[in-house]
Amino acid sequence: MLPQIDRYSPIPIYQQIKDWMRGNILNGTWGEHYQLQAEDDLAQALNVNRGTLRNAIKSLMEEGLLIRIHGKGTFVTHKKVEQPLAESLMTFSEALIQQNIAYTTTTLQQQVIPADEDLAALFHLDLDAPILWLQRVRHVENKPIIYFANYVPTANFPQIEQKDFSTRRLFDVMEHDYGLKIAWAQRYFEACTADAQVAAALNISVGSPVMYAKQITYSNNDVPIEASDIWIRGDSFRLSANVLRGESLNLLNGVPDLVQSEIRV
């Protein structure tokens with residue numbers, strides 16, 4: 001159904017068209033790989049000039065919702081989780097929310113386990129200290145895209161193992177239920193292939209490309225409070241970064257830790 005263009009509205013016509021297109025994409029009316037009408041035909045159907053339509057399409061391309069393939073046309077893109085690199089501590093669920101991508105969560109494991117040597121050393125705990133082990137999968141349109149395992153010392157969060165993490169986000173529980181402020185995290189990315197466990201969780205073939213992320217999260221007094229292993233389907237993820245050059249780097253004075261990233265070769 002075509003939108004009702006209000007030519008007397010203070011909202012620019014291209015913005016009205018853009019909002020209509022975005023709504024069709026986000027509500028699933030236009031699914032992944034949906035091909036838009038040719039620009040001349042769509043402009044005529046909307047009774048607008050081609051330049052106005054192109055402005056709307058260009059804006060949605062910049063948002064990553066549309067892609068133009070030379071000689072073929074304009075298509076709705078894959079729904080990817082776009083993760084800002086070295087900008088702020090944003091969880092993958094928060095990235096989905098920010099991008100208006102609806103998701104569901106399945107909890108695979110939720111139990112208290114004894115800390116092994118690595119976890120005890122990481123969290124500065126005694127060997128066998130209680131640790132919440134949480135494994136979940138995030139789904140978008142019934143497609144599993146993120147599989148992750150979290151490790152949280154229960155001493156900081158009594159009875160956290162009783163929370164419903166299929167409906168609540170871990171950081172939300174830590175901050176709102178326990179009043180603990182999350183300050184920063186170390187996060188490392190590595191391209192790899194799916195082993196049998198990861199492949200089963202993400203419903204992909206063994207050996208398929210995935211992005212692996214390792215994260216260690218700290219409170220505002222620099223105490224490690226969470227660690228996680230995260231695997232994201234290679235066809236559902238990309239990194240983005242804002243980078244500076246020359247004199248613009250002076251903007252970073254005083255906050256270098258917030259903008260550093262590591263590239264491993």
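Is Arg-168 buried, partly exposed or exposed? In this predicted model, Arg-168 is partly exposed, with a relative accessible area of 27%. The side chain of Arg-168 forms a salt bridge with Asp-172. The closest N and O atoms of that pair are 3.1 Å apart. In total, the model holds nine salt bridges.

Several of the charged side chains are linked to one another. Glu-39, Asp-40, Arg-50, Arg-54 and Arg-68 are linked in a network of salt bridges. Arg-50 is partly exposed at 38%. Arg-54 is likewise partly exposed, with a relative accessible area of 42%.

The largest nonpolar core has 18 residues. Of these, Ile-17, Met-21 and Leu-53 touch the most other members. Helices α1 (13-26), α2 (39-46) and α3 (50-62) each supply at least two residues of this core. A second, separate core contains twelve residues, including Phe-165, Phe-171, Val-173 and Ile-182. In soluble globular proteins, nonpolar side chains tend to be buried together.

Which residues does Ile-17 touch, not counting residues up to four places away in sequence? Ile-17 touches Ile-5, Leu-46, Val-48, Thr-52, Leu-53 and Ala-56.

The strands were examined next. Six strands form an open sheet in the order β4-β5-β6-β9-β8-β7. The pairing is antiparallel. Strands β4 (104-114) and β7 (182-193) stand at the edges. Each edge strand has a single partner, so one side of each is left without a neighbour in the sheet. From one strand to the next, the twist averages 15 degrees. Strands of a sheet pair through backbone hydrogen bonds, either parallel or antiparallel.

Inside the sheet, strand β6 (residues 143-153) runs antiparallel to strand β9 (residues 224-233). Six bridges join β6 to β9. Tyr-151 has Ala-227 as its bridge partner in β9. Helix α6 (residues 170-177) lies across β5 (130-140), β6, β7, β8 and β9. Relative to β9, helix α6 runs at about 160 degrees.

One loop residue was also considered. Ser-208 is found in the loop between α7 (196-202) and β8 (209-219). Is Ser-208 buried or exposed? Its relative accessible area is 19%. The cut-off for burial is under 20%, so Ser-208 counts as buried. Leaving aside neighbours within four places in sequence, Ser-208 is in contact with Cys-192, Thr-193 and Ala-194.

Notes: Residues numbered from 1 in each chain as written. Predicted model: local features only at pLDDT ≥ 70, side-chain atom pairs only at ≥ 80, totals over all residues. Heavy atoms only, no water. Core = buried A, V, L, I, M, F, W, Y, C linked by side-chain atoms within 4.5 Å. Buried < 20%, exposed > 50% of the residue type's maximum accessible area, 1.4 Å probe, protein only. Helix = DSSP H or I, 4+ residues; strand = E, 2+ residues; numbered from the N terminus. Contact = heavy atoms within 4.5 Å. Pairing = 2+ DSSP bridges. Axes fitted to C-alpha atoms, helices over the stretch in contact; angles between N-to-C directions. Salt bridge = Lys/Arg side-chain N within 4 Å of Asp/Glu carboxyl O.
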